Amino acid sequence: MTEIIVVTSGKGGVGKTTTSANLGTGLAMQGKKVAMIDADIGLRNLDVIVGLENRIVYDLIDVVEGHCRLKQALIKDKRCDTLFLMPAAQTKDKDAVTPEQMLKLCNALREEEFDYVIIDCPAGIEQGFRNAIAGADRAVVVTTPEVSAVRDADRIIGMLNANGLGSPKLILNRIRPQLVKKGDMMSVEDVSEILAVDILGIVPDDENIVVCANKGEPAVINSNSPAGQAYRNIVKRIIGYEVPFMDLEKKEGFMGKIKKLFGA
Amino acid sequence: MLFNFLDFIRKNSGESKQVAKDRLKMVIMNDRVNMQLIEDIKYDIIGVIKNYMEIDEDNFQISIRQSSNNAAGTKMPVLFADFPIKKIYKN
């Protein structure tokens with residue numbers, strides 16, 4: 001049975017696309033058949049994050065408008081045989097698709113017997129958001145421990161509930177353990193207390209993510225990346241395993257040690 | 001000079017998380033509460049108070065504000081109701 005998961009956040013720049021890429025790739029690494037759908041029409045980025053930007057022929061709009069068959073717009077990943085990407089159109093805008101068309105697309109993907117479909121939702125609460133959630137079975141909300149991002153996450157959770165996608169799960173991204181320890185960054189507990197949702201995972205702030213984005217390789221395939229490890233844990237939780245949350249305290253950077261030395 | 005610098009670092013670290021939490025609670029509370037909800041609460045409160053006293057319904061005001069620190073030292077959003085009392089009924 002296909003499970004369609006929409007990755008959303010409200011606020012832009014908190015890591016939706018990076019999360020979508022890592023969840024999609026991670027699930028495929030577990031042997032699942034996965035389709036990643038870039039629903040950010042007009043501002044596609046998922047293709048670049050997974051390094052498939054040079055292989056695009058057809059896109060999501062071509063499929064919903066009937067210019068090509070579904071399979072023609074599904075690009076096979078370089079690394080995983082069971083991972084596919086459907087890119088967004090770059091020349092159209094969000095009004096070029098309707099929620100009804102997205103629902104139809106999702107149903108067509110169910111018939112292709114994918115295990116998981118990951119939909120990368122655009123930022124905002126307008127048409128693009130409504131399109132992205134139309135065919136989803138459940139939602140993952142990505143936020144960072146900042147006032148603006150958590151506030152937007154709360155709005156999005158309210159809108160998901162109102163649209164039949166109750167109890168979304170939260171991924172808290174870019175946690176900086178030293179700042180949390182110092183009392184200068186909200187912890188997982190603080191954020192979950194405010195938003196009152198279940199936590200699917202916590203992802204530490206990791207320089208590897210920048211390097212991965214430069215190369216077009218999701219961090220989840222990098223065994224040395226703490227964020228990659230966090231995504232691998234999240235993937236296992238999605239599949240149904242019980243995995244404890246990462247101990248972020250252990251990893252203290254060089255600068256953290258220096259600051260400690262000065263008692264700051 | 002160096003000591004001043006260290007003081008600066010110390011003073012600017014360690015407490016901002018609580019400020020963030022307090023601000024978030026307030027802002028989310030306001031985001032969640034729409035005007036209709038405020039009107040509904042107002043209507044219900046008037047209904048209860050009417051049993052005990054006569055109030056100036058036109059100047060009845062209700063709002064959500066940030067409270068000062070409570071016993072635990074944290075700030076909480078608080079529902080304020082201001083209603084001018086015209087007359088208190090005797091039993």
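Buried means under 20% relative accessible area, exposed means over 50%, and partly exposed lies in between, using a 1.4 Å probe and protein chains only. By that rule A:Phe84 is buried, because its relative accessible area is 17%. This is a predicted model, where local features need pLDDT of at least 70, side-chain atom pairs count only at pLDDT 80 or more, and totals for chains, interfaces and linings use all residues. Residues are numbered from 1 along each chain as its sequence is written, chains are lettered from A and ligands numbered from 1 in the order in which they are written, and side-chain values use heavy atoms, leaving out hydrogens and water.

**Aromatic pairs**

- A:Phe84 and A:Phe114 form an edge-to-face pair, because their ring centres are 5.9 Å apart and their planes meet at 80°.
- A:Phe84 sits in strand β4 (residues 83-86) of chain A, and A:Phe114 in the loop between α4 (99-111) and β5 (116-120) of chain A, so the pair ties together parts 30 residues apart in sequence.
- A:Phe114 is buried, at a relative accessible area of 3%.
- B:Phe60 and B:Phe83 are stacked, because their ring centres are 5.7 Å apart and their planes are at 15°.
- B:Phe60 is in the loop between β1 (53-55) and β2 of chain B, and B:Phe83 is in the loop between β3 and β4 (85-88) of chain B.
- B:Phe60 is buried, with 2% relative accessible area, whereas B:Phe83 is partly exposed at 27%.

**A charge over a ring**

- A:Lys33 lies over the face of A:Phe114, 4.6 Å from the ring centre (the rule: NZ of Lys or CZ of Arg within 6 Å of the centre and within 35 degrees of the ring normal).

**Helix α2 of chain B**

- Helices (H or I, at least four residues) and strands (E, at least two) are DSSP runs, numbered from the N terminus.
- Buried residues in α2(B) include B:Ala20, B:Leu24 and B:Ile28.
- The buried residues of α2(B) pack against α6 (147-162) and α8 (188-195) of chain A, together with β2 (61-66) and β3 (77-82) of chain B (contact: heavy atoms within 4.5 Å).
- B:Asn30 also lies in α2 of chain B and is partly exposed, at 39% relative accessibility.

Conventions:
Rings of Phe, Tyr and Trp (its six-membered ring) pair if their centres lie within 6.5 Å; planes under 30 degrees apart count as stacked, over 60 as edge-to-face and the rest as tilted.
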